[in-house]
Amino acid sequence: MTTTPEPRSDAPLTAPGEILHVGAADYPGLDEWRSLPLSQQPDWRGHEDFDSAYAELSAHPPLVFAGEVDKLKRRLAKVANGEAFLLQGGDCAETFDGVTADRISAKIKTILQMAVVLTYGASLPVVKMGRMAGQYAKPRSSDVETRDGVTLPTFRGEIVNGFEFTEESRVPDPKRMVAAYHKSAATLNLVRAFTEGGFADLRAVQQWNKGFMQNPAHARYEQLAGEIDRAVRFMEACGADFEGLKRTEFYAAHEALLLDYERALTRIDSRTGKPYVTSGHFVWIGERTRELEGAHMDYLSRVQNPVGVKLGPSTTPETVLQIIEKLDPEREPGRLTFIVRMGASNVREKLPALVTAVRDSGAKVVWVTDPMHGNTITADNGYKTRRFDDILDEVRGFFEVHRSLGTYPGGLHVEMTGDDVAECLGGSDVVDESAFDQRYESLVDPRLNHKQSLELAFLVAESLTQVR
């Protein structure tokens, strides 16, 4: 008896001379979402440039490839099995002006530093993923914004409209989807060059340091970097092969909020004949768009990418099990990630029932903590912010819940930057409200700066060590 060999998971997306089925126009079911409830979308279908922008996107090459997506799914399967940890970080909302070598390299450096702390501290492989190369759309609580008696469409991210509060800027413009594609391509090009071209060489771990000065996290990182340097020199003296230390895998992720963009960048893999979203390796559904019978849930149930779903404090065990049935009916490890955003005051009370239900169902999901979105407050001077202590407390609560239930806390999802911004209150190098006027840069939600990100990594490494 002969069998057909499975396609190699690391094979290229297309063979030489072969093309993708551009746009996946005829694939059954991929347009069912258009008839379903669809929230958080701009009103631009009647715009004179919509059809041409959509057609242009549909004809562009993919930003990521199916083989890369499959490899990430295998990495996430290891996380689901407790054999690795997921670190996901980046901007709340990317900006077109932020696509510069300096800013991208600063984010990559910070994520690499956090990953080194986690890998060395917890003796675990770390799957590195950026909220990058596609995080241009943001859900909003209202369709309009009013200032001084003037009402305009709300800012939905630079893939949709402009931040400036003018009528011209706030009109949703579908040509921005094409601009976001090109900005994402430029970002991914630089990320690949950094992570594959020697920038991520573990032997350069001490050179990644930037901007700590006398911050306590700096001293801890310097000590850890020194230990790694000594270990590397020992292995070098023993004749160890350092090929695996010269580069690292790095994956791109974003919220799949704007379905026109995701649909235009969906392609059919020539190896398997199945659809992949090629706008990023990993996409997630937000708290505001995860209706079980809604368009977002339907569309992402039909693609092969690993998918995340945000879970807030109102989520019930019944809902979680229904999401698993919708998005992961085959119970494929690595397919589904639950990103928990409960808030420090809720996580210990609300999370156990969800984890217990999933555990008892036998599903293999990745559990990730997002300690940012449930802890947003407004400072006295009007800025949206978060207290660093609340972020730390939610992370601790996330680990405590999993430890008590015998389940695995698989990842950390944070809004962060490699720059010296002042957007979240607290940290060892204390940020207070007086710094916001000069160093608050985010257009939507506050992010951890470089120092706060590294402090958080040390806490997570200690918690992981206790779990193991």
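Two strands are taken to pair if DSSP finds at least two bridges between them. Helices (H or I, at least four residues) and strands (E, at least two) are DSSP runs, numbered from the N terminus. The model described here is predicted, so local features need pLDDT of at least 70 and side-chain atom pairs count only at pLDDT 80 or more, while totals for chains, interfaces and linings use all residues. Residues are numbered from 1 along each chain as its sequence is written, and side-chain values use heavy atoms, with hydrogens and water left out.

Eight strands close into it in the order E1-E2-E5-E8-E9-E10-E11-E14, with parallel pairing. From one strand to the next, the twist averages 25°; angles here run from 0 to 180 degrees between N-to-C directions, and axes are lines fitted to C-alpha atoms, for helices over the stretch in contact. Strand E1 (residues 85-90) meets strand E14 (residues 411-415) in the parallel sense over five bridges. Within this pairing, glutamine 88 stands opposite histidine 413 of E14.

Helices lie against these strands. Helix H3 (residues 101-122) lies across E1, strand E2 (126-131) and E14, and runs at about 155° to E2. Helix H10 (residues 347-361) packs on the sheet and touches strand E9 (307-311), strand E10 (336-340) and strand E11 (366-369), its direction making about 165° with that of E11. Contact means heavy atoms within 4.5 Å.

H3 also meets a helix. The axes of H3 and H5 come within 10 Å and cross at roughly 50°. The two helices are therefore oblique to each other, given that angles under 35 degrees count as roughly parallel, over 145 as roughly antiparallel, 65 to 115 as roughly perpendicular and the rest as oblique. Ala101, Ile104, Ser105 and Ile108 of H3 make the contact with Thr187, Leu190, Val191 and Phe194 of H5. By class, this contact of H3 with H5 has six nonpolar, two polar and no charged residues; Ala, Val, Leu, Ile, Met, Phe, Trp, Tyr, Cys and Pro count as nonpolar, Asp, Glu, Lys and Arg as charged, and the others, Gly among them, as polar.

Helix H5 (residues 175-196) packs with helix H1 (residues 50-59) too, at an angle of about 25° and with the axes 8 Å apart. That angle makes H1 roughly parallel to H5. Phe50, Ala53, Glu56 and Leu57 of H1 face Lys175, Met177, Val178 and Tyr181 of H5 in this contact.

Among the residues making the contact are Phe388, Ile391 and Phe399 of H11 and Leu456, Leu459 and Val460 of H13. By class, the contact of H11 with H13 has 10 nonpolar, three polar and three charged residues.

Finally, an unreviewed UniProt entry carries the annotation "binding site" for Cys92, His373, Glu415 and Asp445. Although these residues are spread over 354 residues of sequence, they cluster in space, the largest C-alpha distance being 10.0 Å. UniProt positions are given in the numbering used here, feature names are shortened, and annotations may be inferred rather than shown by experiment. Histidine 373 is found in the loop between E11 and strand E12 (376-378).
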